Amino acid sequence: MTTFAGRETAAPTTASFIELDEQWSTHNYHPLPVVIAEASGATVTDVEGKDYLDFLSGYSALNFGHRHPDLIAAAVSQLGRVTLTSRAFHHDQLGLFCRELAELTGTELVLPMNSGAEAVESAVKIARKWAHRVKGVPDGTAEIIVAGSNFHGRTTTIVSFSTDETARADFGPFTPGFVTVKYGDAAALRDAITPRTAAVLLEPVQGEAGVIVPPEGYFADVRAACDEHGVLLIADEIQSGLARTGTVLALDHEGVRADVYTLGKALGGGILPVSAVVGRRDVLGVLKPGEHGSTFGGNPLACAVGRAVVKLLKTGEFQQRSAELGAHLHDRLTALIGNGLSEVRGRGLWAGIDIAPGGPEGRAASEALATRGVLCKETHERTLRVAPPLVITRAELDRGIDAIAEVIRP
């Protein structure tokens, strides 16, 4: 017997932990029936001692795997010094973090925040102020063009321009000032630009939509339209960035530079929430003291971990691993088209795979994979997202792909 949840009971089990979650936590997620207690690298272990391959990586927050030793060391060292000062004072990690992140991304100024949604909200505010103060758009009339099937977060403003009715239903009234066009349709985007347009906000690869890669030349056309009309291009790299696709930034594949990027997820090393808006000095520089802020944004602990993440990325090792293992991943998954899969999309160590008619739906496939020791997650009814940590070995990757092939086989 042991003490659990304030009472004498048998040793806790998967079912008992899930019962606690169901009783006490808000039901805004529908997780798989797995209760993780430990993790290392690409492997997680549940409360009953069963190991699983992590094929989701916290939606790319765990690009460097669970508890990467360099990141843990940076966090532990900083925990012994100072964790929070607020931005009322300077601290010795902020400037270094901002400089190193700007150098890594080829940008000029950094605004540290916490969550990815905060970074996007911050970019929206910056774009609007830039439009009013620099472009001359009348205050309160600036518009931002977004793409259908986007995912940028779940705050009230962000769901205002979502096309996912599950994300929107019952959360109105919604924030105005957004124009939606079809993702990948550069002509439609160009036609939507008006003198009121402040910015275009796009994901270089649409993750939540099913890892949708844009048509070749799309971003070059978008960049040209933005330049022609004096419009900012904002790239949401929160899920696609920091080596997930084989380059530091996914937009690098297009040979295009954005004016502003939003970063998050992997920037915190899977340890704590860290996000940032990075971009041109003349754009981010429109913010003045008192106009925007965050108690925890740019805190010493976040900056120390973020600096360790940047250091890992500067070696190029993780970009190379993503590119090489990603090629193997896509070769093997593409070979399953016609034998359980109908389509494979993605870049680097990131894929969206559509299960062919006659096969299991996404949720059932995810549950079947879990019984085989592979943790993956569906998006929409028949699509799985595959995004293992970049530290995964080729043998581990093959084991996970073999499990997918078994589950989706007609």
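How many bridges join strand β7 to β8, and in which direction do the two run? Let's find out, starting with the sheet they belong to.

## The sheet

This is a predicted model, in which local features need pLDDT of at least 70 and side-chain atom pairs count only at pLDDT 80 or more, while totals for chains, interfaces and linings use all residues. Residues are numbered from 1 along each chain as its sequence is written, and side-chain values use heavy atoms, leaving out hydrogens and water.

Four bridges join β7 (residues 143–147) to β8, and the two run parallel. Along this pair, A147 stands opposite V181 of β8. Strands here are DSSP runs of E with at least two residues, and helices are runs of H or I with at least four, numbered from the N terminus; two strands pair if DSSP finds at least two bridges between them.

The open sheet has seven strands in the order β6-β12-β11-β10-β9-β7-β8, with mixed pairing. Its edge strands, β6 (109–113) and β8 (178–181), each pair on one side only.

## Helix α5

Helix α5 covers residues 116–135 and reaches 27 Å from its first C-alpha to its last, close to the expected 28 Å (1.5 Å times one less than its number of residues). Its buried residues (under 20% relative accessible area, 1.4 Å probe, protein chains only) include V120, I126 and W130. After α5 comes G136, with a positive phi near 90 degrees.

## A loop serine

S294 sits in the loop between α10 (281–284) and α11 (300–314). Leaving aside residues up to four places away in sequence, S294 touches R87, M113, N114 and E118 (heavy atoms within 4.5 Å).

Methods
Buried < 20%, exposed > 50% of the residue type's maximum accessible area, 1.4 Å probe, protein only.
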